[in-house]
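Welcome! Have a look at the picture first, then try each task before reading on.

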Amino acid sequence: MSIAICPGSFDPITKGHLDIIDRASTIFEKVIVAVAHNMEKKPLFTPQERIEFISDALNDYNNVEIDSFTGLLVDYAKKKNAKAIIRGLRAVSDFEFEIQMALMNRRLHGEIVTAFMAANEKYTYLNSRIIKEIAQLKGDVSKFVTPLVEEQLKKKYMNK
Ligand code: ADP
């Protein structure tokens, strides 16, 4: 079975992420969306909350699984028998970091391929940080996230 991992912080999941996961699900037999437990990034939402938002958004996909991981991504990918790690590329600015990660991951586990997908042009400017900033300033994020994420962002920033 061809398995791909879509890793990320997903704090919270946006329509940019969903676009990449959707396309990955048409290429691979199984896609695992893997939420990274990276406390250094000081996430707004807990891993459980992030998983809940992703599950809600991907309810209709029967070949997409949601999971979380700690430690090295390549070790996790190997454990899951994944052939590929999928990453989205929005702009040249993503490239430097992503290629470094991909090459390092190849040194660590040469059999796992990192594949880049061009972001949908509708969402190239979109990332989770910008969404949180807009929500915090009481802006409208409904075009960029699911209704559940929109509601939960409002709740988080209600009294701030
Ligand atoms: P990380 O903290 O690992 O960068 P993110 O949650 O920010 O995790 O992103 C996870 C993946 O989704 C990355 O490959 C990132 O490039 C991709 N991604 C994020 N936003 C978009 C977007 N708007 N369009 C396409 N891909 C995106």
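The protein has six helices and five strands, where helices (H or I, at least four residues) and strands (E, at least two) are DSSP runs numbered from the N terminus. This is a predicted model, in which local features need pLDDT of at least 70, side-chain atom pairs count only at pLDDT 80 or more, and totals for chains, interfaces and linings use all residues. Residues are numbered from 1 along each chain as its sequence is written, and side-chain values use heavy atoms, with hydrogens and water left out.

**Exercise 1.** Trace the order of the elements, then judge the overall form.

Solution. Start at the N terminus: the elements run β-α-β-α-β-α-β-α-β-α-α. Next, take the radius of gyration, computed over C-alpha atoms and compared with a globule rule of 2.2 Å times the number of residues to the power 0.38. For 160 residues, a compact globule would have a value near 15 Å, and the protein agrees, with 15 Å. Finally, 42% of the 160 residues count as buried, that is, under 20% relative accessible area with a 1.4 Å probe, protein chains only.

**Exercise 2.** Find the surroundings of the ligand and describe the polar contacts there.

Solution. Begin with the 14 residues around the ligand (a heavy atom within 4 Å). Of these, Ser9, Phe10, Lys41, Gly88 and Tyr123 come nearest. Then ask which elements contribute: strand E1 (3-8), helix H1 (15-27) and strand E4 (84-89) each supply at least two residues of the shell, and H1 gives the largest share, three residues.

Now look for polar contacts (pairs of N or O atoms within 3.5 Å). A backbone N or O atom of Gly88 lies 2.5 Å from a ligand oxygen, and one of Phe10 lies 2.9 Å from an oxygen atom of the ligand. Arg90 places a polar side-chain atom 3.2 Å from a nitrogen atom of the ligand.

**Exercise 3.** Is Asp11 buried or exposed, and what does its side chain reach?

Solution. First locate Asp11: this residue sits in the loop between E1 and H1. Its relative accessibility is 5%, so Asp11 counts as buried. The side chain of Asp11 reaches the backbone nitrogen of Leu44 at 2.7 Å. Beyond its neighbours within four places in sequence, Asp11 is in contact (heavy atoms within 4.5 Å) with residues including Pro43, Leu44, Phe45 and Arg50.

Terms used
A polar contact is a pair of N or O atoms within 3.5 Å; within protein, one must be able to donate a hydrogen and the other to accept it, and residues adjacent in sequence count only if both atoms are side-chain atoms. Buried means under 20% relative accessible area, exposed over 50%, partly exposed in between (1.4 Å probe, protein chains only).
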